[in-house]
Amino acid sequence: MRVALYLNMAQVHHQGIAQGIIEHFQGRDNWELFGAYWPMSEVGDLEYWQGDGIIAAVESETEGFMLVASGLPVVDVSGGWRHPEASLVSNDNVDIGAMAGDYFLGNGFLHFACCHADGSGWSADRLRGFSRATEAKKLGELSVFSRPMSWWHSPEFSRELADFLAAQRRPLALFAANDIIGLNVVGSCRLAGLRVPEDVAIVGVDNEELLCNLSRPALSSIAFDRHEIGRRAARCLEELIASGNGKPKTIRIPPVRLVERASSAIVPVADPLIIQALSLIRREAVKGLTASDVVQALYTSRRNLERRFSRAMGCSILAKIHKTRIEYAKTLLREGDLPIVKIAVQSGFASVNRFTAAFSKYVGMPPRDYPKRSAARP
């Protein structure tokens, strides 16, 4: 099997996908990868290349039509621009946006903005997921700053972006469609005299650790499984080749978790008692923490704390504990194959029945269905 890779190996994201592709074929002697990087052989003119299939990161209409015109099965691992005859194996970008929105809502934010890459399908999906997740509680319209990805690669921080940020209501929860955009936002906040995260809390996507830690402050980011994208893309291409280039498929891989760093590590609540309560819940929720434990730790009355907590967060103390546990359980469900019993215990629930009931209430499905639904959402 001769497979052409149209990936940019200078990008960490594409390197991870390539590693997943290699993992899929590892141990077999009937495959060979072609591409623009040594030690792979070059494809040359695709019209005359004698290969079996293509795995590519399609970012434009021109690229999409060029690859499909080869007559070979094509699996796109980007989603920047969709060709109806190419299969897609990529992140569940709507879920990525929703994860950022849920995170900010859980921390009590009411003002939201998004910076995204105009013209990129993956970015538009992330914006849509973020907008849907924040719809119920946001005050006013979602503010959006949109520029093509080439604009975001500019080496200079933008006064235009700084002015946009300065005009927003604060404290602001800002979702950046990827880490490159996130770093631009951090720099433009400095240009505007805004503090991160006190004035603007920022979350990016990709979790490229070098980029995230070069940011000052370090950038929070949503991580996903690049290797799994590569493995599933290779398997999808194999199936297409075996079936004679059958009907195109769409496979979406759910995000793994949100990695919190200093750029978003803040709760925009003025009440110091609620800040202490949230900090305790974040640290201890999965260790069996109860609402009574929170009350006792803060030396206050149950009625007083519940009233102030509900006013600040829009939910009870117990509901916040359950939501924190559920988010942790969702990460365990995405990352591995632990039995439901162990996931329930590790997430802080006293029994599987209580875990299942709480999970179904907040997620809308039982935990056994969650990984399957997340991995296969059309």
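Let's start with Ile-55. Setting aside neighbours within four places in sequence, Ile-55 is in contact with Val-3, Ala-4, Leu-5, Tyr-6, Ile-21, Val-75, Val-77, Ala-233, Ala-234 and Leu-237. Contact here means heavy atoms within 4.5 Å.

A word on the model. It is predicted, so local features need pLDDT of at least 70, side-chain atom pairs count only at pLDDT 80 or more, and totals for chains, interfaces and linings use all residues. Numbering runs from 1 along each chain as its sequence is written, and side-chain values use heavy atoms, with hydrogens and water left out.

Back to Ile-55. It belongs to the largest nonpolar core, which has 43 residues. Leu-5, Leu-7, Ile-21, Ile-55 and Phe-104 touch the most other members. Such a core is a set of buried Ala, Val, Leu, Ile, Met, Phe, Trp, Tyr and Cys residues joined through side-chain atoms within 4.5 Å. Buried means under 20% relative accessible area, exposed means over 50%, and partly exposed is in between, with a 1.4 Å probe and protein chains only.

Next, His-13. Is His-13 buried or exposed? It counts as buried, because its relative accessibility is 13%. His-13 sits in helix H1, residues 12-25. Helices are DSSP runs (H or I, at least four residues), strands likewise (E, at least two), numbered from the N terminus. The His-13 side chain makes a polar contact with the side chain of Arg-226, at 3.4 Å. That term means a pair of N or O atoms within 3.5 Å; within protein, one must be able to donate a hydrogen and the other to accept it, and residues adjacent in sequence count only if both atoms are side-chain atoms.

Now the rings. How many aromatic pairs does the structure hold? There are 15. Rings of Phe, Tyr and Trp (its six-membered ring) pair if their centres lie within 6.5 Å; planes under 30 degrees apart are stacked, over 60 edge-to-face, the rest tilted.

Take Phe-65 and Trp-81. Their pair is tilted, 5.6 Å centre to centre, with 45 degrees between the planes. Phe-65 lies in helix H2 and Trp-81 in the loop between strands S4 and S5, so the pair ties together parts 16 residues apart in sequence. Phe-65 is partly exposed at 44%. Trp-81 is partly exposed too, at 25%.

Phe-104 and Phe-109 pair edge-to-face, at 5.5 Å and 75 degrees. Phe-104 is buried at 0%, and Phe-109 is buried at 2%.
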